[in-house]
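Please open the structure in a viewer and keep the sequence at hand.

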Amino acid sequence: MAYPTPSSPTPPKPATSSKSPAGRYDVADAPSRFSLRTVVVIAASLLATGISLYRIRDTFRQDTPPPNPFQELVKSNPEYAELISAVRDRDYARVEKSITRYPWLVNFTRSERFGPVLMIAAMTNQPDLVDLLIDRGADVNAKGTWGATALHMAALRGSADAVEALLHHSANVNAKSDNDNSTPLFWACRGSREMFAMRGNHSAVIKALLDAGADAETQNRDGYSAESIASDDIAKELVKHGAQPRPPATQPTFGDMPVGEHMWGFGFHHHSME
């Protein structure tokens with residue numbers, strides 16, 4: 001007797017679910033669009049809490065680089081940006097062309113970050129540009145970053161040629177900066193003990209400032225003397241010019257100027273007085 005062959009059982013259909021195997025909802029399973037009412041409610045809630053939609057967007061755009069300050073300057077003040085670029089490039093002809101076309105640029109400043117161009121010429125030790133800018137009307141004693149003059153900046157960097165040029169144009173040798181009421185000599189002593197010392201001629205700067213009448217006993221508002229923050233050889237030179245020897249400062253402060261931040265990264269060390 002023949003028995004009928006049983007048919008193969010039909011496998012059960014998997015249960016449909018809007019969840020992925022990992023238990024999370026897949027993007028493909030999400031609704032294709034929200035209702036207009038839902039979008040309006042979400043937007044109103046965000047605005048009510050003061051959250052900027054643009055800020056939320058920028059938060060998630062991790063690949064967006066931060067704005068470049070100089071590029072922003074190019075957009076807002078292209079003539080000023082061109083002059084700064086020419087000074088940085090040490091291009092005398094471009095600088096002369098720029099200030100001839102726009103004479104007001106010699107004393108223009110947009111912010112502390114981009115002060116008068118005389119500051120840049122002085123810091124980068126370009127005496128020919130210092131002469132040109134001052135001859136065209138630049139204020140030799142104008143203040144920029146941290147309320148410092150071009151002489152402060154040149155002294156900090158050890159830019160001896162620029163210091164000579166500024167003194168030739170009657171720069172105030174004992175001008176006080178706004179950050180801690182200190183003089184160019186004090187700034188030169190600071191520069192002699194930190195990163196600018198390796199590429200500057202601070203000894204020549206100190207000599208020029210002392211010859212021009214700088215006070216060797218000068219102190220800043222926080223009570224630190226120039227001698228106490230200077231390098232070994234400059235500290236000894238200041239003592240020869242009447243400064244009182246003091247214990248070396250290992251953690252000096254400079255008013256409201258942050259220590260250890262760009263561009264003021266200090267590397268102070270002890271010096272000995274023999």
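Begin by selecting Tyr80, Tyr102, Trp104 and Phe108, which ring pairs link into a cluster. The model shown is a predicted one. Across the whole structure, a search finds four aromatic pairs. In the pair of Tyr80 and Phe108, the ring centres are 4.8 Å apart and the planes stand at 80 degrees, so the arrangement is edge-to-face. Tyr80 belongs to helix 4 (residues 78-88), whereas Phe108 is in the loop between helix 5 (92-101) and helix 6 (117-123); the pair therefore ties together parts 28 residues apart in sequence.

Next, colour these residues by accessibility. Is Tyr80 buried or exposed? Tyr80 is buried, its relative accessible area being 0%. Phe108, by contrast, is partly exposed, with a relative accessible area of 22%. Phe108 also forms an edge-to-face aromatic pair with Trp104, at 5.5 Å centre to centre and with 85 degrees between the planes. Trp104 is partly exposed as well, its relative accessible area being 45%.

Now select Arg190 together with Trp187 and Phe254. The charged end of Arg190 sits over the ring of Trp187, 4.6 Å from the centre of that ring. Arg190 also lies over the face of Phe254, where the distance to the ring centre is 4.3 Å.

The tour then turns to charged pairs. Side chains of opposite charge can pair when their charged atoms come close. How many salt bridges does a search of the whole structure find? The search finds seven.

Select Asp178 and Lys143, whose side chains meet in a salt bridge (2.9 Å, N to O). This pair links distant parts of the chain, 35 residues apart: Asp178 is in the loop between helix 9 (160-168) and helix 10 (184-191), and Lys143 is in the loop between helix 7 (127-135) and helix 8 (150-157). Asp178 counts as partly exposed because its relative accessibility is 47%. Lys143 likewise counts as partly exposed, at 40%.

Proceed to helix 11 (residues 202-211), where Lys207 and Asp211 are four residues apart and therefore separated by about one helical turn. These two residues form a salt bridge, with 3.0 Å between the closest N and O atoms. Both Lys207 and Asp211 are exposed.

Select Glu217 and Arg246 next; they form a salt bridge in which the closest N and O atoms are 3.1 Å apart. Glu217 lies in the loop between helix 11 and helix 12 (226-229), and Arg246 in the segment after helix 13 (232-240), so the pair ties together parts that are 29 residues apart in sequence. Glu217 is partly exposed at 27% relative accessibility, and Arg246 is partly exposed at 25%.

Finally, colour the model by pLDDT. The protein has a mean pLDDT of 79, and 64% of its residues reach 70 or more. Over residues 17-32 pLDDT stays under 50, and the model has six contacts beyond four places in sequence for this stretch. Residues 261-274 also have pLDDT below 50, and the model gives this stretch 49 contacts beyond near neighbours in sequence. Where pLDDT is low, the predicted coordinates should not be read in detail.

Technical notes: Residues numbered from 1 in each chain as written. Heavy atoms only, no water. Salt bridge = Lys/Arg side-chain N within 4 Å of Asp/Glu carboxyl O. Helix = DSSP H or I, 4+ residues; strand = E, 2+ residues; numbered from the N terminus. Buried < 20%, exposed > 50% of the residue type's maximum accessible area, 1.4 Å probe, protein only. pLDDT = per-residue confidence, 0-100. Contact = heavy atoms within 4.5 Å. Phe/Tyr/Trp six-rings, centres within 6.5 Å; stacked < 30°, edge-to-face > 60°. Lys NZ or Arg CZ within 6 Å of the ring centre and 35° of its normal.
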